[in-house]
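Good morning, and thank you for joining. I would ask you to look at the model on the screen while I go through the ligand site and then the overall fold.

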Amino acid sequence: MDAEAAARAYGPAFDAAVAADERIEPRDWMPDAYRATLVRQIAQHAHSEIIGMQPEANWITRAPSLRRKAILMAKVQDEAGHGLYLYSAAETLGASRDDLLDKLHSGRQRYSSIFNYPTLTWADVGAIGWLVDGAAITNQVPLCRCSYGPYARAMVRVCKEESFHQRQGYELLLELSRGTEAQHAMAQDAVDRWWWPSLMMFGPPDDESAHSAQSMEWKIKRHSNDELRQRFVDICVPQAEALGLTLPDPDLKWNEEQGRWDFGAIDWDEFKAVLKGDGPCNEQRLTQRRTAHEEGAWVREAAAAHAARKQARTATEREGAMAR
Ligand code: BYC
């Protein structure tokens, strides 16, 4: 059956399943563009998880106590796990992991803009946990209801772990904020630097978001970029107050009528520059990723050889059992 005939035959069942909030599963028929959108988003998400390990890993050797080091190592390891669930989810759509990694390494696929900023002090680990993981949760909780089953299910576990990450960042910042004057200043400086890039994580404003309308129609996205950004600001303002820190936005103002916090203009030129590759750390992140990939080649080869041997052994055992 050609693609047009398949769309005529199976399209109505797909549309009905999406409308009824049912899950689309890997073997179900789906429009090519739905598949391509999912691969694009899931790949970008997976790449963000593994590139996102770098800024925090930068502080593992310099964590101020054994407890903080153990927590940070566990968190960075969790991010690698999230990358694995997400690459697996992309594979259920027919994408090849090698191909996706190749596209990341050659700059043909993106990762989140946020990871192109440097982690200059220990307080940045707290600011990433509170703000970056906080933004990630705000964006990803609705993805647990995404219409594509494997992505939605991966998000359930990811969100549970992200909640833990967010709390460790908040607790770290709280301790610094209540510490010495220098510690408080370090926490404030980190929040000042991470606030605006965290707001950019939600993507361009709705009227410039190329994919939102279609992705919302397909129930891949449940809310628009601006809706989620506003939700995040509303969550953060009282949390900043509880932390004893300020947010670097003189235009933040409670809007009684709308029941939300109005905030100042985001520098979209900076966002575009980071997406184009001109952020402070774009080059460093990709170079380090390519090096890690090359240096890890022997692990992948060993794992593949082990899997092949195990498979061959299982096949021989099965044949033996059938012959008996
Ligand atoms: N950075 O039409 P739009 C984490 C691109 S990992 C870079 O609104 P869409 C964590 C977008 O791809 C956090 N690019 O797109 C890990 C598109 O470009 P292309 C990652 C961005 O897809 C470790 C163009 O701009 N989270 O939390 O409808 C440690 C137009 O945008 C960004 C996810 O990936 C950006 N910020 O909506 C700690 C969540 N924003 O592809 C924490 C899953 C937009 O046409 N992804 N672009 O060339 C999503 O929810 C959606 O993909 C987005 C964008 C909301 C990000």
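Which helices each supply at least two residues of the shell around the ligand? They are α2 (32-51), α6 (123-140) and α11 (268-278). Please bear in mind that this is a predicted model.

Let me begin with the shell itself. The ligand is surrounded by 33 residues. Of these, six come from α2, the largest share. Sorted by class, the shell comprises twelve nonpolar, 14 polar and seven charged residues. The closest residues to the ligand are Gln44, Ser209, His211, Lys221 and Asn225.

I turn now to individual contacts. Gln44 places an N or O atom of its side chain 2.7 Å from an oxygen atom of the ligand. For Asn225, a side-chain N or O atom is 2.8 Å from a ligand oxygen. Met201 takes part through its backbone, where an N or O atom lies 3.2 Å from a nitrogen atom of the ligand. As for burial, the ligand taken alone exposes 1000 Å², and the protein buries 91% of that area. The space that the ligand takes is the largest pocket.

Finally, the overall fold. The protein chain contains 13 helices and two strands. Its radius of gyration is 22 Å, close to the 20 Å that the globule rule gives for 324 residues, so the chain is as compact as a globular protein of that length. The C-alpha trace of the protein chain spans about 75 × 45 × 35 Å along its principal axes.

That concludes my presentation, and I welcome discussion.

Key
Residues numbered from 1 in each chain as written. Predicted model: local features only at pLDDT ≥ 70, side-chain atom pairs only at ≥ 80, totals over all residues. Heavy atoms only, no water. Near = heavy atom within 4 Å. Polar contact = N/O pair within 3.5 Å; in protein donor to acceptor, adjacent residues only side chain to side chain. Areas by Shrake-Rupley, 256 points an atom, 1.4 Å probe, with all protein chains shown as cover. 1 Å grid on protein atoms, 1.4 Å probe; cavity = no way out; pocket = protein on both sides within 12 Å on 5 of 7 lines; lining within 4 Å. Sits in = over half its atoms within 2 Å of the grid points. Helix = DSSP H or I, 4+ residues; strand = E, 2+ residues; numbered from the N terminus. Nonpolar A, V, L, I, M, F, W, Y, C, P; charged D, E, K, R; others polar. Rg over C-alpha atoms; globule rule 2.2 N^0.38 Å.
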